[in-house]
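Biologist: Could you take me through a close look at the aromatic rings in this model, with the charges that sit over them and the surroundings of the paired residues?

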Amino acid sequence: MKLPPWLTAVPPDPRLYGHLVQLCADSGHLAAGRQLHARLVTLSVTPSNFLASKLISLYSRAGRLRDARRVFDAIPQPSLFAWNAILIALSLHSPDPSAGIRLFATSGISPDEVTLSALLKSLAASGPALSPLVAGELHAVALLRGFGADLFVSNGLITAYANAGDTRSARAVFDEMPRRDVVSWNSVISAYARAGLYRECLLLFQELARVHAGGGVGPNSITVTSVLHACAQLKAVDFGVSVHRLAADSGIDMDVAVWNSIVGFYAKCGCLQYARELFERMPKKDSVSYSAMITGYMNYGHVNKGMELFRRADAQGISIWNAVIAGLVQNGRQSDVLGLLHEMISSSILPNSATLSIILPSVPLFSALTGAKQAHGYAIRNNYDQSINVVSALIDAYSKAGFLDGARKVFELTGDRSKVVWTSIISAVAAHGEAVDALRLFNEMINSGTRPDTIAFTAVLTACAHAGKVSDARNILTPCRLCLVSLR
């Protein structure tokens, strides 16, 4: 077969090759795109910035990050277009969410709105691992470069701030936006729901409903899921019913996630019969569906109904087992948990971090030192030893077993020392009468920027009282009062 002249031309036409590579990327034809790349290599052609960007996009869409990076590294002087292509690829596919941030820090380029959007996506995926200050720095760059009003940059900033735990800054960005789409609204609404700011979540949803009534943007399935979660936590039945009605009347896509949120809302609020009716009407059920219904039964003491549904579940998943185990513990049936654990493991479903955080504080076996060590070893082998809930449960288990040094060691090896972890170690040390150590840890907690809660205050004050350290207790009373006022 005779090849067309443009394909055999030397040097090849980068525009034509770029167009073809783009077609391969858009249609998902990786093999054809690789053949074009191979021909360029055979002709000893170093792709231009334009052509290299197309190749990076091709490999990125196929999830071949290493090939994309190899193309980028071969560019003598990458342009902003090429930088954007590799940063987008890293934001989508890198196992290290901060890789794009680190690469950009070495670039020396002036970012545009595409660059910032890619960096913010990487930052959001990093969660609390990167400080909100990094989001603040990118925010400042966006404002200086004139991209502060860009829709995609603003949405990226909201998500990055929210995932770093800074809901106040996320809301400030939202309030300054000249134009908002459903992603903007969902980002803040879901941020409030994740942060436990449920009333703020409902208030913002009401504002969105007013905008929608006036012909503006309306909620979608993600909005409904977040808001119903907040309604369930607040037991706001009337509000949740209105959200359910709005979802049904607005033609929102009722996928399995929306169905699960609706069933979970009614079950958590005690409307078990209606929740079960909806559950039975679901066109498709998954493990979350069964977990939501089982949890509802267990929360209201209907253990037998929960177990009956568990036994006939036609979906598999660790969440179902965890719902049953938590329900048994909640209803004082700890003696049944070990048997269920053995049954679960025999079914080739292994305990995860949620399972460990349920059984460690409640099953008698793990109150003994040997059981606590066995659970700790399992957590380490399965990479659950950095889970906040597992760390807290292990500290508590070691403390109750009289092995305070073990509790201290778990705390020292914990990378993410959240409020829960600090409170657990302070409570453990205080329970053993170590007032000096409890005070030291309490001060370290404050100096780290973590605001103590009422449990931490109570623990350290109790330790001071038992040790007769009245003056030390007085020294923390004023900050205690200030924090308690701010917690109201």
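Modeller: The charged end of R180 sits over the ring of F174, 4.1 Å from the ring centre, where a charge counts as over a ring if NZ of Lys or CZ of Arg is within 6 Å of the ring centre and within 35 degrees of the ring normal. The model is predicted, with local features needing pLDDT of at least 70 and side-chain atom pairs counting only at pLDDT 80 or more, while totals for chains, interfaces and linings use all residues. Residues are numbered from 1 along each chain as its sequence is written, and side-chain values use heavy atoms, leaving out hydrogens and water.

Rings of Phe, Tyr and Trp (its six-membered ring) pair if their centres lie within 6.5 Å, and planes under 30 degrees apart count as stacked, over 60 as edge-to-face and the rest as tilted; by this rule there are 11 aromatic pairs. F174 and W185 form an edge-to-face pair, 4.9 Å centre to centre with 75° between the planes. Because F174 lies in helix α11 (residues 167-176) and W185 in helix α12 (residues 182-194), this pair ties together parts that are 11 residues apart in sequence; helices here are DSSP runs of H or I, at least four residues, numbered from the N terminus. F174 is buried at 0% relative accessible area, as is W185 at 2%, buried meaning under 20% with a 1.4 Å probe and protein chains only.

F411 and W422 also pair edge-to-face, at 5.1 Å and 65°, and R417 lies over the face of F411, 4.2 Å from the ring centre.

Key
Helix = DSSP H or I, 4+ residues; strand = E, 2+ residues; numbered from the N terminus. Buried < 20%, exposed > 50% of the residue type's maximum accessible area, 1.4 Å probe, protein only.
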